[in-house]
Amino acid sequence: MNLIKFELVTSDEFVANSAIVLDAARLVECVVTGATCVTTFEAGSANSILTATFDGTDAAEKLLNAKKMYDFLRP
């Protein structure tokens, strides 16, 4: 088991005492669309979906930041 911990962030602020922990070995799919990286993890009989939207100065930088997350999750 290889766990990945994501701190919960809303409106550019970390949410105290909140995190999402997922098993990287259960990664099923990772898709980048614009500023968004949608990652699906198998979780027993259901799927867990993590959606991350990235900031940037323009659309190209937002896409680049989302792609960096993709590259981190899918080396």
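How many strands and helices are there in the protein chain? There are five strands and one helix, where helices (H or I, at least four residues) and strands (E, at least two) are DSSP runs numbered from the N terminus. This is a predicted model, in which local features need pLDDT of at least 70 and side-chain atom pairs count only at pLDDT 80 or more, while totals for chains, interfaces and linings use all residues. Residues are numbered from 1 along each chain as its sequence is written, and side-chain values use heavy atoms, with hydrogens and water left out.

**Figure 1. The whole chain, before we zoom in.** Starting at the N terminus, the elements go β-β-β-β-β-α. The C-alpha trace spans about 40 × 30 × 20 Å along its principal axes. Of the 75 residues, 24% count as buried; buried means under 20% relative accessible area, exposed over 50%, and partly exposed in between (1.4 Å probe, protein chains only). The chain exposes about 5300 Å², with carbon and sulfur atoms supplying 54% of it (Shrake-Rupley method, 1.4 Å probe; for residues, only the protein chains shown count as cover).

Figure 2. Strand E3 (residues 27–33) and E4 run antiparallel and are joined by six bridges; two strands pair if DSSP finds at least two bridges between them. Val31 in this pairing sits opposite Val38 of E4. Two residues lie between the strands of the hairpin, and Gly34 in the turn has a positive phi of about 60 degrees.

**Figure 3. The largest nonpolar core.** This view takes in 12 residues: Ile4, Phe6, Leu22, Cys30, Cys37, Phe41, Leu50, Ala52, Phe54, Ala66, Met69 and Leu73. A nonpolar core here is a set of buried Ala, Val, Leu, Ile, Met, Phe, Trp, Tyr and Cys residues joined through side-chain atoms within 4.5 Å. Strands E1 (3–10), E4 (36–43) and E5 (46–53) and helix H1 (59–73) each give two or more residues to this core, and H1 gives the most, with three. In soluble globular proteins, nonpolar side chains tend to be buried together. Zoom in on Leu50 and, not counting residues up to four places away in sequence, you'll find that Leu50 touches Phe6, Ile20, Leu22, Cys37, Val38 and Thr39 (contact means heavy atoms within 4.5 Å).

Figure 4. The cysteine sulfur nearest to that of Cys30 belongs to Cys37, 3.6 Å away. Cys30 counts as buried at 10% relative accessibility, and Cys37 is buried too, at 1%.

**Figure 5. Asp23 in strand E2.** Asp23 belongs to strand E2 (residues 13–23) and counts as buried at 15% relative accessibility. Its side chain reaches the backbone nitrogen of Asn2 at 3.3 Å. Setting aside residues up to four places away in sequence, Asp23 touches Met1, Asn2, Leu3 and Phe41.

**Figure 6. Asn47 in strand E5.** Asn47 sits in strand E5 and is exposed, with a relative accessible area of 53%. Leaving out neighbours within four places in sequence, Asn47 is in contact with Thr40, Phe41 and Glu42. The C-alpha atoms of Asn47 and Val28 are separated by 8.9 Å, and these residues are 19 apart along the chain.

Conventions. A disulfide is a pair of cysteine sulfur atoms within 2.5 Å. A polar contact is a pair of N or O atoms within 3.5 Å; within protein, one must be able to donate a hydrogen and the other to accept it, and residues adjacent in sequence count only if both atoms are side-chain atoms.
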